Amino acid sequence: MLLGLGLFCVGIFISRQGFFSRETVQELMAKADKAKVLRETAFLTSVILTVVLICMGAIVYSAYHYTESVNFCGKLCHRVMTPEFTAYQHSPHAHVKCVHCHIGPGASWFVKSKLSGMKEVVEYLTNTYPRPLPTPVHNLRPARETCEECHRPEYFVGYKLVIKEKRQTDKNNSKLYTVLLMKTGSGGMKGKAFGIHWHVSPEVKIYYKYTDPKRENIVEVVKIEKGKKTVFKGSEEAREGEVRLMDCMDCHNRPTHIFHSAEEALDLEFVSGAMPEDLPFVKKVTLEAITQNYPSRKEAKVKIAEYIRNYYQKNYPDLVKNSPEKIEQVIAAAQEAYLLNVFPEMKITWGTYTNFLSHDGCFRCHNEELESEDGEVISQDCSLCHNLLAEEEESPEILETLLGE
């Protein structure tokens with residue numbers, strides 16, 4: 001294309017100089033072999049077209065691969081995708097390209113994604129995109145077609161030990177530990193399904209009816225196991241609603257774009273070592289600082305730093321004088337906790353997105369409101385999914401046994 005444009009400009013320049021005026025061309029044609037001129041013209045045209053087609057092919061090929069890249073998804077529409085891109089970079093799937101989950105293989109979903117993308121482009125250009133962006137639970141390909149390219153729930157066998165560390169808001173920032181033995185179970189290996197992944201076993205089909213876009217209000221659950229069908233309904237039958245077969249995304253609804261609560265974000269800063277733990281009331285002060293209402297991220301950085309400095313300057317002036325580097329370390333960690341999770345411009349604050357991989361997800365179905373015809377309810381027994389070995393204890397015995405400390 002560039003070569004063609006260049007030749008076009010050169011041609012205009014030459015014609016303006018009179019080198020190829022109409023009279024000159026007619027004179028040359030009269031003297032030359034017309035067939036030879038036509039052959040040379042056809043050859044030259046073919047060469048130029050071939051070069052242009054090759055260039056066009058290279059451009060289209062490069063453009064296609066760019067639209068499949070992480071930078072295209074995360075940075076092109078900067079204002080919209082900053083929260084999702086930030087969360088993605090700090091997620092368990094940070095090395096997986098966006099298109100592997102959002103589109104996956106196959107031409108049909110590629111076309112669907114591009115058509116959906118055109119609507120999003122219009123919303124971006126007209127500044128009418130939703131704030132915050134809704135979790136895309138409706139326009140993704142079936143989760144089992146994408147998730148199970150890497151994850152195999154039928155081979156999730158046995159148990160998983162989970163140790164959660166939390167800091168209190170007391171002077172010493174005391175540690176509290178919760179120890180869980182998660183029954184990850186199996187999604188059907190060797191014909192035996194149990195534990196958490198029993199829900200997606202080939203031997204069991206779980207359908208549910210929901211009445212809201214976020215799939216939080218579940219009004220009916222149908223279990224089909226070994227040919228037996230059991231229907232659990234609420235006290236008031238909901239005639240409207242959509243029915244869905246349960247899959248991975250019904251629990252793992254935020255597998256990559258994870259936004260933590262304020263306490264979780266700070267606890268992660270402590271666990272990673274970014275937050276110094278030997279400053280008095282550091283958890284309390286930073287929690288207060290990052291949960292204030294700020295109109296922008298830029299102002300939040302400034303105000304968080306001011307809040308923390310003012311507190312320690314007022315209450316512990318010697319500490320500020322003797323260890324200013326620790327105060328700066330606290331500020332940096334608090335700012336990071338905020339900037340990874342809060343985006344006022346997109347109306348994303350603490351708790352905007354619900355993570356179903358918690359009790360908030362479980363209790364949508366596991367409650368006493370849904371009941372079968374014979375009076376059976378979906379169990380709320382926590383031991384179905386995990387054994388609680390310790391809950392927010394300072395020195396749990398089980399942890400001493402496991403770690404030998």
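Helices (H or I, at least four residues) and strands (E, at least two) are DSSP runs, numbered from the N terminus. The model is predicted, so that local features need pLDDT of at least 70 and side-chain atom pairs count only at pLDDT 80 or more, while totals for chains, interfaces and linings use all residues. Residues are numbered from 1 along each chain as its sequence is written, and side-chain values use heavy atoms, with hydrogens and water left out.

**Exercise 1.** Locate Glu 68, and decide whether Glu 68 is buried or exposed.

*Solution.* Begin with the position: Glu 68 lies in the loop between H3 and helix H4 (70-75). Next take the accessibility, where buried means under 20% relative accessible area, exposed over 50%, and partly exposed in between (1.4 Å probe, protein chains only). Glu 68 counts as buried because its relative accessibility is 15%. Finally look for its partners, contact meaning heavy atoms within 4.5 Å: leaving aside neighbours within four places in sequence, Glu 68 is in contact with Lys 97, Val 99, Ile 103, Phe 110 and Lys 114.

**Exercise 2.** Work out how H10 and H11 pack, and which residues meet.

*Solution.* Start from the axes, which are lines fitted to C-alpha atoms, for helices over the stretch in contact, with angles running from 0 to 180 degrees between N-to-C directions. Helix H10 (residues 282-290) and helix H11 (residues 297-315) pack at about 145°, and their axes are 9 Å apart. Then list the residues: from H10, Val 282, Val 285, Thr 286, Glu 288, Ala 289 and Ile 290 meet Ile 304, Tyr 307, Ile 308, Tyr 311 and Tyr 312 of H11.

**Exercise 3.** Identify the buried residues of H9, and state what covers them.

*Solution.* In helix H9 (residues 262-272) the buried residues include Ala 262, Ala 265, Leu 266, Asp 267, Glu 269 and Phe 270. Their cover includes strand E1 (160-167), H10 and helix H13 (324-339). After H9 comes Gly 273, which has a positive phi, near 90°.
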